[in-house]
Each structure stands twice: as structure tokens, then as C-alpha cells.
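Please give a short briefing on the structure shown here, written for someone who is meeting it for the first time and grouped by topic.

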Amino acid sequence: AFQLGAHFSGKAINISKTTISHAISYPLTSHFGIPHGIAVFLTLPGIAELNYHIAGPTMQPGLDPEQHRENFLTLFKLFEVTDIAGLTGKLRSISNKLNIKTRLREYGLTRQDLPVIAENSFTKGRSDNNPGIIDKDAILKLLGGIF
């Protein structure tokens, strides 16, 4: 059952692709040894917040604003929340329940490491698949918030 679940997860990722949380996780894992799933989850609440508020020129070309809104309404329903604060709160509560350390400093990183992570957070097919256009400064701000 575990292998089948992993297989279907891989198929889902192959179809839908992943976004900037995955791209940021790669340097966190490869340079700093944070397990991949945890590395992805560390930035997920902040990325959800950023993506929720995208509009106009910060939206990827071709993204339908109405579909983007509908996608978040679906997420709210699935997580049994009513807004983005509820969603990010629910994601953070999952980390707490699983005793996942949520601060980069808890993994031995220093503030000087943040630019290295931001610089290496742009992976084709991941960062460019994110609904919002996110630059290095936005990643640095996000990382600073979870330092």
C-alpha cells in the first residue's frame, strides 16, 4: 500500500508538476541536509500566502485569475477553513502535531546561508510553474520569516 501510494504520488507530480516550495527545498536538502519533505513543508505556509495574494503583473502569464481563486476555494474546503489565514494556520498546526522544527536556525542554518538558498531556488519546471512570479528578494523575505 505504501509503494502504491508513492507511485500515485509520483504520477500526480508528473501531471501537475510542483512549484516554488519544491524549488526552494532543493538547496535546503542538498546543501543543509534537511529531509526533502520537511524542506518543502517549511516554506509551504508562506508560499500559500504569497500565491493567494498574487494579481495582475505578479501572476504567471496565461494563468486565469478566476481559476486561481477557485483553486484556493477548493483548498479552503479540503482543509475545512474559510480563508488564507485559516489555511496557513492549519498547515502550521500540522507541523506542530508532527513535531517538525519550523525554523531554519533549528537545522543549523545561519542568516548568511539565506542568500545561498535564495540563489539556488530557481529550478526549471518548479519555480516557473508557480502561479505567482516570485523573485530572489521575495524568497529571501520568506526565508527570513522562517529563520
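## Charges and core

Glutamate 66 and arginine 69 lie three residues apart in helix α4 (residues 65-78), so about one helical turn separates them. This briefing describes a predicted model, and it takes up the salt bridges, then a charged surface patch, and then the nonpolar core.

- The side chains of glutamate 66 and arginine 69 meet in a salt bridge, with a distance of 3.2 Å from N to O.
- Arginine 69 also meets glutamate 70 through their side chains, in a salt bridge of 3.3 Å from N to O.
- Taken together, Glu66, Arg69 and Glu70 are linked in a network of salt bridges.

**A salt bridge between two helices**

- Glutamate 119 forms a salt bridge with lysine 136, and the closest N and O atoms of this pair are 2.8 Å apart.
- This pair links distant parts of the chain, since glutamate 119 belongs to helix α6 and lysine 136 to helix α7, with the two being 17 residues apart.
- Glutamate 119 counts as partly exposed at 49% relative accessibility, and lysine 136 likewise counts as partly exposed at 32%.
- The count of salt bridges in the model comes to three.
- As a general point, side chains of opposite charge can pair when their charged atoms come close.

**A patch of positive charge**

- On the surface, Arg92, Arg103, Arg105 and Arg111 gather in a patch of positive charge.
- Arginine 111, one of the residues in this patch, is placed in the loop between α5 (84-97) and α6 (114-119).

**The largest nonpolar core**

- The largest nonpolar core has 21 residues, of which Ile24, Leu28, Ile34, Leu104 and Leu143 touch the most other members.
- At least two residues of this core come from each of the helices α2 (20-32), α3 (36-52), α6 and α7 (136-145).
- Helix α2 gives the most to this core, supplying four residues.
- In soluble globular proteins, nonpolar side chains tend to be buried together.

Terms used: Residues are numbered from 1 along each chain as its sequence is written. This is a predicted model: local features need pLDDT of at least 70, side-chain atom pairs count only at pLDDT 80 or more; totals for chains, interfaces and linings use all residues. Side-chain values use heavy atoms; hydrogens and water are left out. Patches are made of residues with over 30% relative accessible area and no salt bridge: like charges are joined within 9 Å, nonpolar side chains (Val, Leu, Ile, Met, Phe, Trp, Tyr) within 5 Å. Accessible areas come from the Shrake-Rupley method with a 1.4 Å probe; for residues, only the protein chains shown count as cover. A salt bridge is a side-chain nitrogen of Lys or Arg within 4 Å of a carboxyl oxygen of Asp or Glu. Lys and Arg count as positive and Asp and Glu as negative; His and the chain ends are not counted. The place of a charge is taken as NZ of Lys, CZ of Arg, CG of Asp or CD of Glu. A nonpolar core is a set of buried Ala, Val, Leu, Ile, Met, Phe, Trp, Tyr and Cys residues joined through side-chain atoms within 4.5 Å. Buried means under 20% relative accessible area, exposed over 50%, partly exposed in between (1.4 Å probe, protein chains only).
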